[in-house]
Every structure is written in C-alpha cells, then in structure tokens.
Amino acid sequence: MLTTLLLLTNFVFAGELADINIKVKGMVCSFCVQGIEKKFKGEKSVDTVKVNLDDSLVSVWLKKNQLLSDERITVLVKDAGYNIAEIKRTPAQPPISK
Amino acid sequence: MGYKPMYIFLSLTAFAHPVTFKNGTALTSIHRPKMTMTQANYTIHRNVAIAGSYIRMDADTQELQMPSLHVNTLLKRWNQIGSQANVYSVTGMGIELSEDVTTDSLRAMLGVQADYETPKVYTALTALSMPSMTNFANIPFTARYRFGVAPYVARYNELQIWVVGQVEYMSDMKHQPYFTPMLRYFYRTVLWETGVSLNGTYWFQMMAHF
C-alpha cells in the first residue's frame with residue numbers, strides 16, 4: 001500500500017494524478033524538455049504537461065472529456081525527436097487504440 | 001579568397017543542434033576575434049532542417065563575407081533511457097562575397113557530425129569542408145572534437161553548467177591543433193559558451209531554440 005502511494009506521488013501534480021504518464025527514451029537536456037512540451041501543449045486535448053528529466057517521464061493532464069490515443073502520443077514523441085519506452089494511464093483513462 | 005581565411009571561416013561553423021524538433025527553430029551566433037557567424041535553422045521534418053548561415057570576417061585588407069544555405073539531415077539516432085547518440089550530415093552551398101565574385105566564389109558545403117550525450121557527459125565530432133565548385137586542387141578541411149562533463153545535473157528551471165574542451169584541426173594551418181577550454185551554460189531554451197584557446201583566441205557562442 002505504501003509502495004503504491006509512493007509510486008503514485010511521482011505522477012501527481014497539484015494533488016491530481018496525471019491522466020497519462022510516458023516513459024521517454026533520449027531526453028537528456030533542457031532543449032529536449034522544450035521540444036516535448038511544445039509538441040504536447042500544441043494538442044487541443046492537452047491541458048497540462050510536465051517533464052521530469054531525472055526519470056525520463058512525461059506526465060500529461062487532459063482537458064475534460066478529451067482523449068489522446070497511443071498512436072497520437074507516439075507521433076508527438078517521435079516528432080520531438082524521441083522514442084517511447086512505456087505509456088501508462090490512470091484507471092480513468094483506459095488504453096485507446098484505433 | 002586565400003585558403004587560410006577559408007579555414008578560419010570553417011572554424012566558425014557550428015552544428016551544435018543541426019536538427020531540433022519538428023517545426024522548431026534554432027538561432028546560433030559564434031564570435032571570435034574579427035569574425036562572426038550567424039545561423040538560423042528550421043526543422044521541417046523530424047529528421048530534416050533547412051538552414052541559412054552568414055559569416056563575416058575582417059581580414060587585413062578587406063572584409064570577407066559568406067552567406068550559405070544548407071540542409072541538415074539526421075541520418076541516424078539512438079535513443080535510450082538517459083542517453084542519445086546522433087549522426088548528422090550537412091550539405092549546401094555558399095558564395096564568397098568580395099570585390100571579385102566569380103564562379104570560383106561558389107563553394108559547396110559538406111559536413112558530418114556525430115555526437116553522444118547523457119545528462120552528465122557530452123561528446124561530439126564535426127568535420128566540414130567547403131570546396132570551390134570549380135577548383136578542386138586544394139580542398140580546405142576542418143575537424144572539431146568536443147568533450148564535456150557536467151559537474152552537477154540541474155533541473156529544467158535551473159542553470160546547467162558544463163565544462164567543455166574543444167580541439168580543432170584545420171588542414172594546412174600552422175601550430176595545430178587548437179585547444180579551447182570553455183564553459184557552457186544551459187538555461188531552459190538558451191545556451192551560451194565562453195572560452196579562450198591556448199593561443200589566446202576567445203570563443204563566444206549563443207544559441208536559442210523556439
């Protein structure tokens with residue numbers, strides 16, 4: 001239980017769990033962060049994005065009733081210059097694939 | 001133009017981030033004694049950027065200028081958790097602007113860069129040549145190797161400092177190679193470097209991503 005809580009705190013922003021957490025390969029500097037942030041912030045369905053360089057983690061909060069598919073996430077990450085290691089969604093956000 | 005000014009021109013060329021991210025723009029300027037290089041590149045595809053560069057140099061008796069256009073291509077990238085390695089190519093053309101502009105003034109631009117980076121270590125090797133389009137008897141060539149370490153790893157909103165050593169070799173120049181220790185500063189979307197080579201030549205570079 002404690003371990004689960006500790007893990008979840010990695011994905012929390014302002015007391016709210018991120019809708020989607022993406023482990024990204026290749027992020028090594030602040031220029032990398034900027035590229036990822038710009039790509040996700042340009043999506044209409046995205047409300048907030050936070051990048052954690054230490055953990056190679058991109059956390060995304062979606063706008064109400066909005067969706068973001070795994071395919072679209074993959075395109076955004078690749079356009080930023082990186083690759084995806086893993087996509088995790090909170091229980092309210094089931095995997096979405098075409 | 002003589003070949004020695006061309007080597008100096010080549011030494012100004014920087015390909016720090018030849019390709020950024022799709023629809024990203026990078027602006028770079030490098031300053032050395034009596035020389036300035038300004039470059040802008042725009043990434044049109046995740047692997048390709050178009051770029052324009054302008055180099056100006058005050059030689060003994062005249063001012064030399066060279067605008068150029070080139071395409072930067074990401075040939076191969078390896079992304080791992082906490083590291084990235086890249087191989088780029090640069091191809092384009094420039095023209096020496098002087099009092100006598102002839103067909104010899106047209107120059108091809110051919111370059112390649114390989115780099116590897118983690119949050120704490122950075123290394124890059126760049127090679128560039130700008131042969132005349134009409135005279136292949138002497139082809140100026142320069143190579144630059146860099147190695148940097150980060151004494152600490154900063155967060156995105158903190159200043160990141162790197163200690164970098166740069167070694168340059170320019171074919172047919174005396175007193176080779178040239179070694180320049182420098183400090184590199186990273187803050188969010190801006191990078192700048194300051195250093196002085198062991199032969200007293202200062203180096204200042206700024207780069208911003210948008």
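Author: Let's start with a term: contact here means heavy atoms within 4.5 Å. Helices (H or I, at least four residues) and strands (E, at least two) are DSSP runs, numbered from the N terminus. Axes are lines fitted to C-alpha atoms, for helices over the stretch in contact, and angles run from 0 to 180 degrees between N-to-C directions. With that settled, helix α3 (residues 70–80) of chain A lies across β3 and β6 of chain A, at about 145 degrees to β6(A).

A word on ground rules. This is a predicted model, where local features need pLDDT of at least 70 and side-chain atom pairs count only at pLDDT 80 or more, while totals for chains, interfaces and linings use all residues. Residues are numbered from 1 along each chain as its sequence is written, chains are lettered from A and ligands numbered from 1 in the order in which they are written, and side-chain values use heavy atoms, leaving out hydrogens and water.

Now the sheet itself. Four strands of chain A form an open, antiparallel sheet in the order β4-β5-β3-β6, where two strands pair if DSSP finds at least two bridges between them. The edges belong to β4 (46–52) and β6 (83–89) of chain A; each has a single partner strand, so one side of each has no neighbour in the sheet. From one strand to the next, the twist averages 20 degrees. Further in, β3 (residues 20–25) and β5 (residues 57–62) of chain A run antiparallel and are joined by four bridges, with I22(A) opposite V58(A) in β5(A).

Helix α2 (residues 30–41) of chain A packs on this sheet too, touching β3, β4 and β5 of chain A, and its direction makes about 165 degrees with that of β4(A).

α2(A) and α3(A) pack at about 140 degrees, with axes 9 Å apart. On the α2(A) side the contact uses G35(A), I36(A), K39(A) and F40(A), and on the α3(A) side I73(A), L76(A), V77(A), D79(A) and A80(A).
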